[in-house]
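Here's a quick tour of one model, written for someone who likes to know the cut-offs. Have a look at it first.

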Amino acid sequence: IVIISLALLVWHQLTLEEKTLVTVIFKENLIYFFSFFLLVMAAFGFALDGIFNNYIIPVMRLAEETNIITSVNPAHRIQVEGSRDVQKLVQIINEAADRIESVEKNVENTVSQAKAEAENEKNILAAVLADLPEGVLICNEEGQIIL
């Protein structure tokens, strides 16, 4: 569109003799102009293909893979091919996923240990209360019966 707009702008600025000369040159060398046009369009197509394959498609896959990590499988790691920028982003996301997964495991271990300790204390308390010959009431500071 830009090239055609510029060509029309130049065309309207030409005199009648110049328009005739350009028309003759264009008709005699049509194959060269057409070949040049095809080469420019092929280069444009290759450039678009490179942009799509190195930036747009990997970023869309990156979004899908990140969604898998956050929603379904925290152990999943991203392996997307793309430009250096995309690879750097993949590396950062994978490192963050590793940190989050280790924090979740630490929390699970801490909760499991706390449950085991609480169960152990409950068993000790049950054994002590079973050996008492008389009943015991345990109250809080407001006088409410707790046990």
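The notes below cover a helix pair, a loop arginine and a pocket.

This is a predicted model, where local features need pLDDT of at least 70, side-chain atom pairs count only at pLDDT 80 or more, and totals for chains, interfaces and linings use all residues. Numbering starts from 1 along each chain as its sequence is written, and side-chain values use heavy atoms, with hydrogens and water left out.

Let's start with the helices (DSSP runs of H or I, at least four residues, numbered from the N terminus). The axes of H3 (residues 30–71) and H4 (residues 84–131) come within 10 Å and cross at roughly 5°. So H3 is roughly parallel to H4, a label for angles under 35 degrees. On the H3 side, the contact (heavy atoms within 4.5 Å) includes Asn54, Tyr55, Pro58 and Val59, and on the H4 side Asp85, Val86 and Leu89 are among the residues involved. By class, the residues of this contact divide into ten nonpolar, three polar and one charged; Ala, Val, Leu, Ile, Met, Phe, Trp, Tyr, Cys and Pro count as nonpolar, Asp, Glu, Lys and Arg as charged, and the others, Gly among them, as polar.

Arg77 sits in the loop between H3 and H4. Leaving aside neighbours within four places in sequence, Arg77 touches Glu65, Asn94, Ala97, Asp98 and Glu101. Its side chain has these polar pairings (N or O atoms within 3.5 Å, one able to donate a hydrogen and the other to accept it):

| Partner of the Arg77 side chain | Distance |
|---|---|
| Glu101, side chain | 2.8 Å |

Now the largest pocket: its volume is about 670 Å³. A pocket here is an open set of points on a 1 Å grid where a 1.4 Å probe fits, with protein on both sides within 12 Å along at least five of seven lines; lining residues have an atom within 4 Å of a point. The lining has 18 residues, with Ile3, Ile4, Ala7, Phe26 and Phe33 nearest the centre. H3 gives the largest share, seven residues. By class, the lining has 17 nonpolar, one polar and no charged residues.

Notes
Axes are lines fitted to C-alpha atoms, for helices over the stretch in contact, and angles run from 0 to 180 degrees between N-to-C directions. Helices (H or I, at least four residues) and strands (E, at least two) are DSSP runs, numbered from the N terminus. Angles under 35 degrees count as roughly parallel, over 145 as roughly antiparallel, 65 to 115 as roughly perpendicular and the rest as oblique. Grid points are joined across faces, edges and corners, and a volume is the space filled by probe spheres set on the points.
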